[in-house]
Amino acid sequence: MTHIDTEKFRLRRFVEKLVQQDECIVHDAPIDLIDVAGVLDGNPKAVWFRAVGPERAELVGNVMGARSRLAAALDTDTAGFPKVLRERLQKPHAPIEVPSSQAPVHEVVQTGADADLTSLPVHLQHGLDGAPYISASIDYAHDGRTGFTNIGCRRMMLRGPRAAGVDLNAPSDLRVLYQQAVAKGERLPVAFAVGSYPTDFLAAIASTPPMDELDVVGAVRGAPVPVVKCATVDVKVPADAEMVLEGYLDERGLVEPEGPYGEYIGYYGLIKNNPVFHLTAITRRRDALFQTVGIGGARLGYTDTAQLGAAKTEAAIWSILQQAIREPVAVCCTASSGGMYNVRVSLRQRNPGEARNAIAAVFASSGDVKHVFMVDHDIDVFSDEQIDWALATRFQADRDFVVASGFRCVPLDPSLQGARTGAKGGFDCTKPFGKADSVEFTVPHAPQMPRRERASVEAALAQGPATYLELMAALGTRDGREVLRVFDKLYADGRLQRLKDGQYALDGKQE
């Protein structure tokens, strides 16, 4: 039998790697659960707590709270991350099933009264949260109609040792599966992995064609994922996860008040009714590392959710842009906008109107984008400074602003004020078509002396118009003031003139 490596994509191994790269702080001192969030909130680094609560449990947070760390999970750097992610998503790998005896996540199996959610180091993340939340859970459910495994990211609000509210308000495949089960008066078996490699989160949120989403996990990993059948439900999960919570969503529907909760938009989400998850088993590694993810807070750019959302949005938009325009260059979705709402796109315009086509394409994409900033290829979409400059110097509101309403939207957006559809705005910050090389849109740079055949100023101008720098090169001077002395005589003789593009020419020698 082929050896299956169940350590390569283990969360603990990745955290150890982050420590070596100075991307993760090791917090050895004992800490109470109530103080965990204060250490994580706004922290630019991951934090590995080694002694949480009276049990002195291990807990890691902010693992994916920076693009550099997501890139490290794909063995690339920040600049290469978008391309590597897109390329991997094109190459799915079917999973490899392993027996329970070979699955590290089954080293410890707890059922019945031994399966207790309150035994886990689940902390209160925000001051007004309805209860402690398990925020780093990836859900796995079997689709009986297709035979596929469906995967997503879902937070869980604890309501006791063996029950939790699960957020299913937003449209999702899991919501559809649950609605189908409720319509038949049936429970929906589901399992939640807690403590997963960043690739698995990227796969769980990816927009892909209908397929077994365990294949997508393999795609982002770049290798087949080893899976094992759960101990108490008919669901397959990664055998190399740190921990899995098995159980079912009961058949009563959206009955559990869930929330408030600090959301990815930077505000609290209100109380909503959601289904109840009932725990039937906890399976885990003997040294399982519990995980929490950052959601909400004053600095969204340091949260796992915003960074993951930005990666998902960029990949979805790139895909649709390839069908809408000839040459997209780069896409950036800002984490500070929750990883969804504000998107920047650079392109090379081949034909008039392509910037508007691109704006329309982003409006219609699967990413729930509100604002699109379209710029030329010379603008770095990951630079706030350059985007600000393009908006300031290439945009006229009465000419370049595109607004439309009635679009699908995410209900959590508080600016909707209860509306079921929302508006989108497009900012065309590209240069007027055909004027990209004009002087008025040419960026000034320090002079670089060109190579030119030596000649006097007058002889150089006799060959045609020239810039001041070109005349310096003709004279062979690195000072330049000599040119002015020659100009003085030519002006006095009425023989020197200026052209509209700023070049100098001898009277009668214009081209």
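**Close-up 1. Lys 370 lies in the loop that joins helix H9 (354-363) to strand S23 (371-376).** Helices (H or I, at least four residues) and strands (E, at least two) are DSSP runs, numbered from the N terminus. The model is predicted: local features need pLDDT of at least 70, side-chain atom pairs count only at pLDDT 80 or more, and totals for chains, interfaces and linings use all residues. Residues are numbered from 1 along each chain as its sequence is written, and side-chain values use heavy atoms, with hydrogens and water left out. The side chains of Lys 370 and Asp 413 make a polar contact (3.0 Å). A polar contact is a pair of N or O atoms within 3.5 Å; within protein, one must be able to donate a hydrogen and the other to accept it, and residues adjacent in sequence count only if both atoms are side-chain atoms. Neighbours within four places in sequence aside, the contacts of Lys 370 (heavy atoms within 4.5 Å) are Tyr 341, Asp 413, Ser 415, Ala 423, Lys 424 and Gly 425.

**Close-up 2. Gln 125 sits in the loop between strand S5 (108-111) and strand S6 (133-134).** Gln 125 has a relative accessible area of 13% and is buried. Buried means under 20% relative accessible area, exposed over 50%, and partly exposed in between (1.4 Å probe, protein chains only). The side chain of Gln 125 has a polar contact with the side chain of Tyr 261 (2.6 Å). A polar atom of the Gln 125 side chain also lies 2.9 Å from the backbone oxygen of Val 293. Not counting residues up to four places away in sequence, Gln 125 touches residues including Ala 37, Tyr 133, Ser 135 and Ile 295.

**Close-up 3. Helices H6 (residues 198-205) and H7 (residues 213-221) pack with their axes 8 Å apart, at an angle of about 130 degrees.** Axes are lines fitted to C-alpha atoms, for helices over the stretch in contact, and angles run from 0 to 180 degrees between N-to-C directions. H6 and H7 are therefore oblique to each other. Angles under 35 degrees count as roughly parallel, over 145 as roughly antiparallel, 65 to 115 as roughly perpendicular and the rest as oblique. On the H6 side, the contact is made by Thr 199, Asp 200, Leu 202 and Ala 203, and on the H7 side by Val 216, Val 217, Val 220 and Arg 221.

**Close-up 4. The whole structure holds 0 disulfides.** A disulfide is a pair of cysteine sulfur atoms within 2.5 Å. For Cys 332, the closest cysteine sulfur is in Cys 333, 7.0 Å away and so too far for a bond.
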